[in-house]
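Subject: the structure I promised you

Hi,

Here is the model we talked about, handed over for you to look at. My notes come after it.

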Amino acid sequence: MFDSLLRLAPMMESVQRFTWATHSKEIVTTALLSMVPTFEGRYALLVGNGMGMPAVSAYFLALIFSTIPMPFILWLLRPVLDWFYTWPIKPVRKFAHWVEQRSMQKGARVDKAGMLGLYLFVALPVPGTGVWTGSGIAALFKLNPRHSAVAIALGNATACLITTLIYYGISWIF
């Protein structure tokens with residue numbers, strides 16, 4: 001037990017030395033990349049780690065900033081889609097109808113899977129899954145926003161953790 005704590009000491013010391021004033025470029029880069037769709041936190045933390053940011057700092061920075069778009073998507077996607085129906089431009093209304101019909105066709109499968117399915121979908125660290133897509137799915141299928149937010153946040157934390165563990169597992173091998 002004491003040995004494992006001794007191994008954590010250098011990592012915690014590197015987190016303490018990592019400050020805003022000396023590493024603002026790494027922090028801003030990781031934070032902004034975390035909010036980009038399909039890139040999100042799980043890949044932004046790899047960039048942060050590659051730039052010399054400590055694992056713990058990169059993980060929490062990427063996790064926090066990749067979660068920021070979630071409430072906006074969850075609570076605004078459905079009203080924006082409904083607003084598209086009021087536009088006098090026919091292609092916009094057709095697009096809104098297409099999106100809604102497509103989500104209704106797939107909606108029965110999502111209801112069965114529920115929040116566990118949403119969590120697993122977001123937690124899988126592959127392109128096309130993540131906070132943006134999970135939030136869009138939850139909004140389009142009219143899932144409970146509060147329950148969806150919890151499932152998406154936990155899935156995001158898991159995806160970032162998996163990516164970090166894979167990155168450090170690979171770097172420890174080489």
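Below is what I found, going from the whole chain down to single residues.

First, the ground rules. This is a predicted model, so local features need pLDDT of at least 70 and side-chain atom pairs count only at pLDDT 80 or more, while totals for chains, interfaces and linings use all residues. Residues are numbered from 1 along each chain as its sequence is written, and side-chain values use heavy atoms, with hydrogens and water left out.

**Overall**

The chain has eight helices and zero strands (DSSP runs numbered from the N terminus: H or I of at least four residues for helices, E of at least two for strands). Of its 174 residues, 37% are buried (buried is under 20% relative accessible area, exposed is over 50%, partly exposed is in between, with a 1.4 Å probe and protein chains only). The chain exposes about 10,400 Å², and carbon and sulfur atoms supply 73% of that (Shrake-Rupley areas, 1.4 Å probe). As for contacts (heavy atoms within 4.5 Å), take those between residues at least 6 apart in sequence: 71% join residues at least 24 apart.

**Helices α5 and α7**

The axes of α5 (residues 69–84) and α7 (residues 131–140) come within 8 Å and cross at roughly 40 degrees. Axes here are lines fitted to C-alpha atoms over the stretch in contact, with angles from 0 to 180 degrees between N-to-C directions. The two helices are therefore oblique to each other (under 35 degrees is roughly parallel, over 145 roughly antiparallel, 65 to 115 roughly perpendicular, and the rest oblique). Their crossing is right-handed, meaning that the near helix is turned clockwise from the far one by less than a right angle. Residues making the contact include L74 and L77 of α5, and A138 and A139 of α7.

**S148**

S148 is found in helix α8 (residues 145–173). Is S148 buried or exposed? It is buried, with a relative accessible area of 0%. Its side chain reaches the backbone oxygen of N144 at 2.8 Å (a polar contact is a donor–acceptor pair of N or O atoms within 3.5 Å). Leaving aside neighbours within four places in sequence, S148 is in contact with L74, M115, L118, A138 and L143.

**K25**

K25 lies in helix α2 (residues 24–34) and is exposed, with a relative accessible area of 61%. K25 and M51 are 26 residues apart in sequence and 9.2 Å apart in space, C-alpha to C-alpha.

Cheers
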